[in-house]
Amino acid sequence: MTRPRSCPDLYAAAAAALLVTAAVLVGRYVYTYDDLIVGWPPLLGRWDPHLGPGTPAAVLVAAGVVAYGPAVAARLPWRALLPAAWGTALAWTWSLALIDGWDRGIAGRLTTSQEYLSVVDRWHDVPATLRDFNGHILLHSPDNWPAHVAGHPPGATLTYVLLDRIGLDGGGWAGALTITVGATACVAVLVTVRALTGERLARRAAPFLALAPAAVWMGTSADGYFAAVAAWAVALLALAVTRRSPGWAAGSGLLFGLTCYLSYGLTLFAVIAAAVLVLGRRGVRERPVLLAALLAGAAVVPVAFTAAGFDWWEAYRLLVTRYYEGAAGVRPYGYWVWANLACTVLITGLATVAGLRRAGGVLVRRRAGGERADGARAGEVRLAFLVAAGLLALLAADLSGMSKAETERIWLPFALWLLAACAFLNRPRGWLTAQAVLALLVNHLVATGW
C-alpha cells in the first residue's frame, strides 16, 4: 500500500507537538519559576482560562478564513488580495487581543512599568535624551531605563514619543498604531514572495499569513511593529532587484537602517536580505547601482542617530551586560536553547512545521538534481531558499544565547517568513483549522504578557 503524501507532514506536526509538550512538562516539573522566570513555561504568561468580548469575532474570522480563504486568495485580483489580506489580519489580531478586553488586551499592554510608554515623559528634550541614553542602560545606573527600553535602541521608544507629541497619547493609540502597522507585515511577505517566486505561491500562502497564530502576540506587542518595518525592508528590496529600481533599493535601505535602531537582534535580517540579493542577482548584475542605493539608504538612520549623540555599538555592549545582570543571567541556556523552538511552534503553528518539512524536501531534491529549475518548480526552490534564510536567522538568534524566553514575542519578525512555507501544503483548509484552533486555545487558556 502506498503511503499518503500527507503522512510525513503529520509526522512532522506530531514531532513539533511533542516538542511543545516536553517544553511544558520539563519547564513545570524539572525547573522552578525562580529558574525560568516565566509563569507558564515555555511562554511568559499564566494559566488563566477565560472568554472575552473578542471571542465571537475571533471564532467568526477563523471560520471565514478556513471556509473561504483559499478559494478567495486563488481568485481575487492581486491588487484586491493585498488589502483583503491586511484587513483579515487586522480583524484576526484585533479580535484575539480583545479576548482579554480593551484594557488588558490593548490599551494597557504598552503602559506597564517595563514598557515604552512608561518613559515618554522623560523625553522632553529628544536630542539630550539620545545623548544620555546609554547612561541609563545598566541595571545599577541612575534612573535606569525599564527592561524593554534598555533592551532596544532608542528608535523603538522614540516611535511612541513622537506619537505622544502629535497628540495621540496613551496606551489606546499606541496599541492601535502597533496593531495596524503590524498587520501590514503579512502584505509585505506576500509582496516579497510574489516578486521572487511567483504569484501562485504567494496566493497559496496568503490565508496562512492572514490567520497566523503569531497574531496572539502581534496584538499588542511593539515587536509586531518591528516585524512590519523589517518585512517591508525585505519587500522593497525584492521589488528593487526584480524591477531594477534604485528608488525601491534606497527605500529598502532606509527601512533596514530603521530596523537596526528598533531592535538589536534584527541585524540578523541581513541573512534574509542576502537571500533576496542572491535570488535577484541577475537584476543586481544588470544594475550595480542598486547596491549603492541600498547602502546609501541604509546609512540615513544610523547617521542621524549618531549625529544626535547615540552610540549604537556602545549601547549594545552595555545591553549585553544588562541582559546578564537580569533574568538572562538566571535562565538556563540548556533549557531555552530548545524551548525557544517550542515557542516558535506556538507562534507559527503546526502547519508551518509541515511546510518547513516540505521546503526542506524541495531544497534537498534540487541539490540532488531531482528537480528541474524551471517553471513552477523554480518558484518552489526560490521560496524554499527564502524560507530557509528566515529559519537560519532565527536559529542564529537562538544559539547566540541572547534569546532566552519571551521569544514568542521577540521572534515575531522571523516567524512571519517561516509562515510562507505553508504555500507548499496540500489540503489548506485542514491546516488552517489547526492554525486557528491553536491560536484560539492559547489566547483563551493562557494570559500572555511581558
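Predicted model: local features only at pLDDT ≥ 70, side-chain atom pairs only at ≥ 80, totals over all residues.
View 1. The 22 residues of α13 should span 32 Å at 1.5 Å a residue, and its end C-alpha atoms sit 32 Å apart, so the two agree. The expected span here is 1.5 Å times one less than the number of residues. Helices are DSSP runs of H or I with at least four residues, numbered from the N terminus. Most of α13 is covered, with 19 of its 22 residues buried; buried means under 20% relative accessible area, with a 1.4 Å probe and protein chains only.

Residues are numbered from 1 along each chain as its sequence is written, and side-chain values use heavy atoms, leaving out hydrogens and water.

**View 2. Asp223 and its partners.** Asp223 belongs to helix α13, residues 222-243. Its relative accessibility is 3%, so Asp223 counts as buried. The side chains of Asp223 and Arg409 are joined by a polar contact of 2.8 Å (a pair of N or O atoms within 3.5 Å; within protein, one must be able to donate a hydrogen and the other to accept it, and residues adjacent in sequence count only if both atoms are side-chain atoms). Leaving aside residues up to four places away in sequence, Asp223 touches His152, Arg409, Ile410, Leu412 and Pro413, where contact means heavy atoms within 4.5 Å.

**View 3. The largest pocket.** This pocket has a volume of about 1000 Å³. Of its 43 lining residues, the closest to the centre are Gly151, Tyr323, Met402, Arg409 and Ile410. On a 1 Å grid over the protein atoms alone, a pocket is an open set of points with protein on both sides within 12 Å along at least five of seven lines, a cavity is a set where a 1.4 Å probe fits but cannot get out, and lining residues have an atom within 4 Å of a point. Grid points are joined across faces, edges and corners, and a volume is the space filled by probe spheres set on the points. Helix α18 (312-325) is among those giving at least two lining residues, as are α13 and α21 (375-399). The largest share, five residues, comes from α18.

View 4. The largest cavity holds about 110 Å³ of space. It is lined by 15 residues, and Ala89, Thr93, Ala183, Leu209 and Met218 are the closest to its centre. Helices α4 (78-97), α9 (171-183), α10 (185-197), α11 (199-210) and α12 (215-218) each supply at least two residues of that lining.

**View 5. Cysteines without a bond.** Zero disulfides turn up in the whole structure, a disulfide being a pair of cysteine sulfur atoms within 2.5 Å. For Cys7, the nearest cysteine sulfur is that of Cys422, 19 Å away. Cys186 has its closest cysteine sulfur in Cys422 too, at 13 Å, which is too far for a bond. Cys7 counts as buried at 17% relative accessibility, and so does Cys186 at 4%.

**View 6. Val353 and Leu10.** Val353 sits in helix α20, residues 350-367, and counts as buried at 18% relative accessibility. Val353 and Leu10 are 343 residues apart in sequence, with 9.4 Å between their C-alpha atoms.

Definitions and conventions. Buried < 20%, exposed > 50% of the residue type's maximum accessible area, 1.4 Å probe, protein only.
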